[in-house]
Amino acid sequence: MSLDDLRDLYQEVILQHGRHPSHAGKPATYAATAKGDNPMCGDRVQVFLSYDPAGRIVDPRFDARGCAISIASADLMAEAVAGLAPDEARRVFVRFRDMARTGECADPDETMELLRPLAGVHQYPSRVKCATLPWHALMAALEGEGQATSE
Amino acid sequence: MNDFSPATLDIARIRSDFPILSQTVHGKPLVFLDSAASAQKPRAVIDAMVNAMETQYANIHRGLHWMSERTTEAYEATRDDAARLLNAADRAEIVFTRNSTEAINLVAHSYGRGVLKPGQAVLISAMEHHSNIVPWHMLRDDRGIELRIAPITDAGELDIDAFERKLEDGKVGLVSITHMSNVLGTYTPAERIVQIAHAHGAKVLFDGSQAIVHRRIDVQALGCDFYAFTGHKLYGPTGIGVLWARRELLEAMPPFLGGGDMISSVTDERSTWAAAPHKFEAGTPAILEGIGLGAAIRWVEAIGYDAIAAHEQALTEHAMSRLSTIEGLTIIGRAQDRGGVVSFTMAGAHAHDIATLLDRSGIAVRAGHHCAEPLMRRLGIDSTARASFAAYTLPSEIDALADTLTRVREFFG
């Protein structure tokens, strides 16, 4: 069946995180937030950040309306950056963005393995933005900018 | 009236006119259900443009040589084609634009700023494309001309009583409204709209981008004042569209863009304008695209609107019936009078995911807000997937859509 070809994009882990994200929902309190909009398709995500006394990200949350790819990406992102310092999260973003565009990861580690199910988007140029939108919102929240748009 | 049935349309012959329809996508035969975004092009259009480039191309309206004269004739013949297509009273009422968007912007600029007065209002509906919203926001902010919005019903039809109430204070100078929704497929009741608007002293512009693909348009019978359409949805090239307007309105309106071709004379101090329609056609136009549009119009006329409309009506009914049986699928818009555009949502599957899965099966649909964000908000949704039909669409392609959507449902289920 032809839709099985799509298992490279819609891996079970993506369908699971897309359907039942574990980091969704606006928290009662947070230190920083930013929204990401994709004006071409109408997808929206808002990221909420809190920090521990050492400045590390604690329990990042998001509120999103979008496709399975963008929701799953937001949820996996929250898992990937929890416990990281802002600069570490920025470095993960750069590596993730490269993997979403090329399908390759030059320096795999545990964090990138967590995100690897999303590497399949590189075969779907119109969907790369779906995967990177929550990350742009995260970057804007780390900078205190409030608003991000996908490239 | 002859009794036309879908069978009068020789689909195999029509499809053989479109070279692209024999392409495959991801190894599957192309099922192109995105014609409302832009239609495919018949051989006649492709040949007309190639032939012009290969045998008789030059700039138009100014050359004193054979090539320019032949090209001018071919380009200007499209003005006659467009006038005939719309049943315009006069070929000088046909203004060439880039597309419907530019046609509406032309009216917003030249009629909105040149004829309407601050304190007057423009009335649109709640199911407009952004191209019939944004120019009026710009006019409002620039000139203090109020923008009013007539609501729609939950079925996706214009609320005609509410529409009339928006006109009652006599301030509305122009009604600018879609003739067929690009999202819901709804036809607006054009004759009734014109009757009500004129009774309250307002002119009427129809955005006919979708309607003219599916229905014969007679601007004199409709009684409207402006009609806009774009070539690329009517099997023609991109970059060419038409604004039809009553001659007296075009004469009263100041120019849109300034430049060559639109003047009568130019001195260091001032310019005087050419007569309509040239007053609104500054600069070298889309010559080849204009020639291609003429071929597209003649292609549509040769098939005939009666046959096209009957075919698409049958397709739409087939689609509504097949899609209605898919669990979790909701058809958006249930207008009585509707054309071959069907939007839907599916529980548990976002429109973009649906579109990606359909694409893998060779099926092209549109997904998103369809440049109609206010309508999406009115409907309480973020996006839809949309299948749209054309003269070349087969019933079996709708079956392929329905069968694949059933599998999409299982995929995300």
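## A tour of chains A and B

Begin by selecting Asp59 of chain A, which counts as partly exposed because 14 C-beta neighbours fall inside 10 Å, a number that lies between the 12 or fewer of an exposed residue and the 20 or more of a buried one. Bear in mind from here on that this is a predicted model. Asp59(A) belongs to strand E3 (residues 57-65) of chain A, and its phi is positive, about 45°, although the residue is not a glycine.

Stay in chain A and select residues 68-81, which form helix H2. This helix of 14 residues reaches 20 Å from its first C-alpha to its last, close to the 20 Å expected at 1.5 Å a residue. Is H2(A) enclosed or open to the outside? Of its 14 residues, 13 are buried, so the helix is largely enclosed by the rest of the structure. Just after H2(A), select Gly83(A), where phi is positive at about 90°.

Next, display both chains and look at where they meet: 14 residues of chain A are in contact with 16 residues of chain B. On the chain B side, helix H13 (351-360), helix H14 (373-379) and helix H15 (395-412) each supply at least two residues, and H13(B) gives the most, with five. Coloured by class, this side of chain B shows seven polar, six charged and three nonpolar residues.

Now hide chain A and view chain B as a whole. Chain B has 15 helices and 17 strands, and its C-alpha atoms fill a box of roughly 70 × 55 × 40 Å along the principal axes. Its radius of gyration is 22 Å, which agrees with the value near 22 Å that a compact globule of 413 residues would have. Of those 413 residues, 51% count as buried, and among the contacts in chain B with a separation of 6 or more, 71% are between residues 24 or more positions apart.

Colour chain B by domain, with domain 1 as 6-32 + 305-412 and domain 2 as 46-302. The C-alpha centres of the two domains lie 28 Å apart, and their contact takes 23 residues from domain 1 and 21 residues from domain 2. On the domain 1 side, helix H12 (305-324), strand E14 (341-346), H14 and strand E17 (384-388) each supply at least two residues, with H12(B) giving the most, four residues. By class, this side of domain 1 has 11 nonpolar, six polar and six charged residues.

In soluble globular proteins, nonpolar side chains tend to be buried together. The largest nonpolar core here has 167 residues, and those with the most contacts inside it are Tyr227(B), Leu243(B), Trp244(B) and Ile354(B); this core draws at least three residues from each of domain 1 and domain 2 of chain B. Centre the view on Tyr227(B), which, leaving aside residues up to four places away in sequence, touches Leu86(B), Phe206(B), Gly208(B), Ile217(B), Val219(B) and Trp244(B).

Two loops of chain B complete the tour. Select Pro277(B) in the loop between strand E12 (271-273) and helix H11 (287-303); the peptide bond that joins Ala276(B) to Pro277(B) is cis, with omega about 5°. Finally, select His370(B) in the loop between strand E16 (366-368) and H14 of chain B, where phi is near 55°, a positive value in a residue other than glycine. His370(B) is buried, with 24 other C-beta atoms within 10 Å.

Conventions: Residues are numbered from 1 along each chain as its sequence is written. Chains are lettered from A and ligands numbered from 1 in the order in which they are written. This is a predicted model: local features need pLDDT of at least 70, side-chain atom pairs count only at pLDDT 80 or more; totals for chains, interfaces and linings use all residues. Two residues are in contact if their C-beta atoms, placed from the backbone, lie within 7 Å. Ala, Val, Leu, Ile, Met, Phe, Trp, Tyr, Cys and Pro count as nonpolar, Asp, Glu, Lys and Arg as charged, and the others, Gly among them, as polar. The radius of gyration is taken over C-alpha atoms; the globule rule is 2.2 Å times the number of residues to the power 0.38. A nonpolar core is a set of buried Ala, Val, Leu, Ile, Met, Phe, Trp, Tyr and Cys residues joined through C-beta atoms within 7 Å. Domain bounds come from an automatic or database domain assignment. The expected span of a helix is 1.5 Å times one less than its number of residues.
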